[in-house]
Amino acid sequence: MSQGEGAVGIYEKWDFAEEMELEKQEQRKAPKGASSPERAVVLLYVLLALAFVLFMALTIVNLQRVSAAWEALEQAQMRSENSHTTAWHNLSEVQHTLDKQLSGELKAIHSRLLNVSQEVENMRWKMTQCKAECGKELSDRLRVLEERDAPEPVLRQLAEVKQEQSRASALLDTVLEEMRNLSEILCTRCPAGWQQFAKACYFFSTTTKPWLAAKDSCANFNAHLAVVNDEQENKFLANRIMENRVFWLGLTDMHKEGNWQWVDGRSLSLSFWNSGEPNNVGHQGEDCATIYSNGRWNDATCSNAEAWICERSC
Ligand code: CA
Ligand code: CA
Ligand code: CA
């Protein structure tokens, strides 16, 4: 080794010793307990792990709480459903029992109403007949007495009797009107095979007959051929007629051509004639009215066989 190289080696050893000394001094200067970077990182990891464990523990506890709450909610829901089902079942039973009781009572009331209604209708019918027949008989007797050139006192008595008859007739009209109103109030159900509209029952025949025979047929049921009183009734009848079918109405001009009258004695005030009708065509003429499914009317030959509609108060 040269003298120069030996000097460099000495300097390097001296630098190394100095660095070691400085490091020791730095370590002595540093406060006690301070960590090295590695230790800080380790500490950080430990803290993170602790935080993670804590987080997981809290999460598990919360999950358990949520699960318990969910279970409680499901149980409450189930209890609610059960009680709802039980309540519904009880309600259905009560309703069923009430329905049975009411149905029996309603049937009995309905049956009694029908009987009363029938009795009122029969009585009205008899009184109407009696009014016409008895009134005619009395008028005939009075006329005979008048024609016999009776003395003055007898004629005075006759005049009084006539006045009484007139008053009795007016009273009977009022009673009949009241009975008709009562009959309408009691209207609850039409006979089997008849259809109800407003306060009347209607029968649509499935066979055909000439107009007069159809009129008699209705009379047998204590009814008359249908009399159209308003547009709603006409619509009701039309709606129940199948297409291409024709039915007799209770409307005729057989007593005087062109003077159309309903079978209940009313004159025609509201009409639904088809275009060009009534035209009274043919050598027999056309004196009886029919109704089509579109609600329009036609005059036809009364001897034709057609279906018919009866109407009666229910
Ligand atoms: Ca009518
Ligand atoms: Ca005619
Ligand atoms: Ca015609």
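Some housekeeping. Residues are numbered from 1 along each chain as its sequence is written, and chains are lettered from A and ligands numbered from 1 in the order in which they are written. As the model is predicted, local features need pLDDT of at least 70, side-chain atom pairs count only at pLDDT 80 or more, and totals for chains, interfaces and linings use all residues, while side-chain values use heavy atoms, with hydrogens and water left out.

Helices (H or I, at least four residues) and strands (E, at least two) are DSSP runs, numbered from the N terminus. Glu311 is buried at 8% relative accessibility, while Asn229 is partly exposed at 37%. For those words, buried is under 20% relative accessible area, exposed over 50%, and partly exposed in between, with a 1.4 Å probe and protein chains only.

Now the calcium ion that is ligand 3. Its protein donors lie 2.2 to 2.4 Å away: Glu277 (OE), Asn279 (OD1), Glu286 (OE), Asn298 (OD1), and both O and OD of Asp299. Their spacing is E-x1-N-x6-E-x11-N-D. Here Glu286, in the loop between β5 (261-262) and β6 (288-291), and Asn298, in strand β7 (residues 297-300), link distant parts of the chain, twelve residues apart. Glu286 is buried at 10%, and Asn298 is buried at 11%.

On to the packing. A nonpolar core is a set of buried Ala, Val, Leu, Ile, Met, Phe, Trp, Tyr and Cys residues joined through side-chain atoms within 4.5 Å. The largest has 21 residues, and Phe204, Leu237, Leu249, Ile291, Trp297 and Ile309 touch the most other members. Elements giving two or more residues to this core are β2 (200-204), α5, β4 (247-252), β6 and β8. A separate core of 15 residues includes Trp211, Leu225, Trp308 and Cys310.

Finally, Ser217 is found in helix α4 (residues 211-220), and Ser217 is buried at 9%.

Conventions
Donors are N, O and S atoms within 2.8 Å of the metal (3.2 Å for Na, K and Ca); water is not among the atoms, so sites may look incomplete.
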